[in-house]
Structures are given as C-alpha cells and as structure tokens.
Amino acid sequence: MAAHRKPRQRSLGGNTARTAVTLALAGAATATAFEGTGNAEPQLTPAQVKAKVDKLYQEAETATQRYDGAKERTEATQRRLNSLQDEAARRQQRLNTARDALGSVAAAQYRDGAIDPSWQLALSSDPDRYLDGAALAERVDDRQAGAVARVREQLREIEQLRGAARVELKSLRSRQAEVRRHKQTVTAKLAEARRLLARLTPPERTWITGHAAGHASRSASDARAALAQAGSVPSGPRAAAAVAYAYQKLGSPYVWGATGPNAFDCSGLVQAAYRSAGISLPRTTYAQINAGRRVSRSQLQPGDLVFFYSGISHVGIYIGAGRMIHAPNPSAPVRVAPVDEMPFAGATRVT
C-alpha cells in the first residue's frame with residue numbers, strides 16, 4: 001500500500017505543481033494585461049488636449065522664428081556668394097583679355113627681335129627715324145612691364161575672391177543644414193498637434209481652434225471705421241496703412257515661413273503689412289521687437305507691434321481697444337484677437 005501511495009502522492013504533487021505554474025502564468029498574463037492598460041495613452045479631455053496643442057503650437061512658433069532667421073541668413077549668404085562668383089568671373093574675363101594682349105606683344109617682339117638693334121641701326125636707311133622708333137619701343141616696354149604687374153595683381157585678387165567664395169560656400173552649407181533642422185522640428189510639432197486634434201469630435205476641435213472667432217470686414221474703409229469706433233488713433237499714416245493691410249488679410253491661412261500675399265506666419269504678416277506702408281522690417285519676431293521704439297502697454301496705439309511669450313516667439317499688430325490682428329497658428333487663419341490671449345512680452349512702435 002505504501003508503494004502505491006507514493007506514486008499517488010507524486011502524481012498529486014505534479015498536478016499541484018502544474019496547477020501552480022498555470023495559475024502563475026495566468027496571473028502574469030493578467031498582470032501584463034493590466035500593466036498594458038495602465039501604460040496605454042490616457043483619454044484626454046478637450047481642455048487637456050487644448051493645453052497640449054497650445055504648447056505644441058507655441059513650440060512650433062519658436063522653431064518657425066528660428067527657421068525664418070536661418071532662412072534669411074542663408075539667403076543673404078547665397079547673395080554674397082553669387083556676388084563673389086560674379087565678380088571673380090568678371091575679373092577673370094579682364095585677366096584673359098590682358099593676357100591675350102601681352103601674348104600678342106610678346107609674339108611681335110619675338111618676331112622683330114631676330115635682328116640685333118645695332119644691325120637694325122646700321123642697315124636703316126633713316127637712322128634718325130630708327131632712333132625715334134627705338135625710344136618709343138623702350139616706352140612701350142615700360143608699359144608692358146606695367147601690364148604684366150597688373151596681370152599679376154589681378155591673379156592675386158581673383159584668388160582672394162575665390163578664397164572668400166569658398167568660405168561663403170561652407171557657411172551656406174552650414175546654414176542650409178540649420179534650416180533643415182528647424183524645419184524638421186516645426187513639422188514634428190505640427191504633426192503631433194494634428195494627431196491630438198484628430199482624436200476629438202468636430203465640435204471639440206472647433207472649440208479648441210476657435211474658427212468662429214475673429215470675423216471682420218476686409219476692406220480698408222471698414223478698417224478706418226473700426227479704428228474710429230474703438231476711439232484709437234494710429235501713431236502715423238504708415239501705421240494706419242499697415243493696419244489697413246492687416247484688415248484686408250483677415251481670413252488668410254497661416255503657413256509657417258510665409259510672408260504673403262495670400263498666406264502668412266505671425267512675423268510674416270507684420271513684415272508684409274509694413275512693407276505695404278513703405279517700411280522694411282526684419283523677418284523674425286526677436287529682430288522686429290528691436291526695429292523701433294519700445295512702448296509700454298498703456299501707451300499702445302494702432303499699428304504698434306505687440307509681442308508675446310518670454311522668448312518673443314509671437315507678434316501681432318495692435319488695432320486698438322485691447323485687440324490685435326495676428327496670424328495665430330495652422331489651426332486658425334489671420335484674425336482679430338484680444339491682446340490678453342497670450343502672455344504679453346512687450347511692444348514696439350516702428351513709425
């Protein structure tokens with residue numbers, strides 16, 4: 001009987017062990033399932049999505065300004081490089097002409113130099129005429145020596161131009177790489193914002209993006225009427241012209257890096273508005289804020305530039321009554337908005 005019990009006990013032990021392993025595996029699977037559920041992306045409320053999207057748009061705007069600045073510097077470097085290359089080509093052409101002239105003179109002297117000058121004098125039927133010619137030849141030789149020196153100087157200048165062009169080309173490639181980096185950052189931020197917005201219902205997206213806000217007339221006459229209604233007077237005729245331009249662009253889409261005439265980013269709208277008024281402004285927000293005289297918030301007049309965030313990454317055009325026209329972000333077109341909509345960083349008057 002004892003011999004029979006031992007196998008039974010071992011059998012029961014094996015079943016118990018298998019059961020324990022099965023339960024352990026099942027528990028592990030359940031724990032993994034719960035862990036996976038815990039790590040799944042939580043369902044965000046519309047308010048939380050708005051906060052995340054707003055932050056992404058702000059970060060994208062900062063990267064956009066860096067992109068705009070890098071692009072502007074790249075274009076300036078390209079212009080300098082083109083100018084150096086053009087100047088080097090012009091000087092090379094003049095050098096080739098001077099070399100051809102020297103070659104012709106050298107060939108002529110070689111041909112005429114077969115007879116020694118003393119024999120030429122002896123054989124000349126008019127010695128006086130020969131002596132006059134010899135004196136002229138000496139003066140010609142002096143001029144040719146000067147021409148040779150000038151050719152050598154041209155060679156040095158061309159090599160200097162080519163050296164400067166090589167430096168500019170290296171700088172251009174570095175700036176182009178910088179532009180690409182900022183572009184990738186902007187694209188990634190905007191893609192993440194689109195992904196978050198896609199999870200919402202259409203009414204929730206409308207609430208976040210505020211498409212219904214900021215409707216206004218796009219005519220210059222109504223722009224003047226709006227200013228009069230607000231009781232605000234622009235700081236000058238050019239400021240008034242810039243405000244009128246901004247009114248005409250209400251509803252235009254936001255496109256990062258764009259300066260008009262049909263799409264804008266925030267600093268692009270400001271630059272285009274003042275360009276229409278005959279004033280050239282820098283391309284980026286952090287340069288535009290230094291393009292005029294700083295004014296306090298209490299001194300704001302229509303046409304003043306208003307800046308936002310600690311990094312000066314956003315700008316609008318003040319239109320009076322605590323409002324501005326700006327290009328907000330890719331989710332909304334150029335529109336009227338309260339200045340209090342974003343953290344105020346400063347203001348500049350450029351007229």
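Colleague: Which side chains does a polar contact of 3.0 Å join?

Modeller: This is a predicted model, in which local features need pLDDT of at least 70, side-chain atom pairs count only at pLDDT 80 or more, and totals for chains, interfaces and linings use all residues. Residues are numbered from 1 along each chain as its sequence is written, and side-chain values use heavy atoms, with hydrogens and water left out. A polar contact is a pair of N or O atoms within 3.5 Å; within protein, one must be able to donate a hydrogen and the other to accept it, and residues adjacent in sequence count only if both atoms are side-chain atoms. The side chains joined at 3.0 Å are those of Asp265 and Arg283.

Colleague: Which backbone nitrogen does the side chain of Asp265 reach?

Modeller: Asp265 lies in the loop between α7 (237-248) and α8 (266-276). At 2.7 Å, its side chain reaches the backbone nitrogen of Gly268.

Colleague: Why does Asp265 count as buried?

Modeller: Buried means under 20% relative accessible area, computed with a 1.4 Å probe and protein chains only. Asp265 counts as buried because its relative accessibility is 0%.

Colleague: How many residues of α8 are buried?

Modeller: Helices are DSSP runs of H or I with at least four residues, numbered from the N terminus. Among the buried residues of α8 are Cys266, Gly268 and Tyr274. Of the 11 residues in α8, the number buried is nine.

Colleague: Which residue with positive phi follows α8?

Modeller: The phi in question is near 90°. The residue that follows α8 is Gly278.

Methods: Helices (H or I, at least four residues) and strands (E, at least two) are DSSP runs, numbered from the N terminus. Buried means under 20% relative accessible area, exposed over 50%, partly exposed in between (1.4 Å probe, protein chains only).
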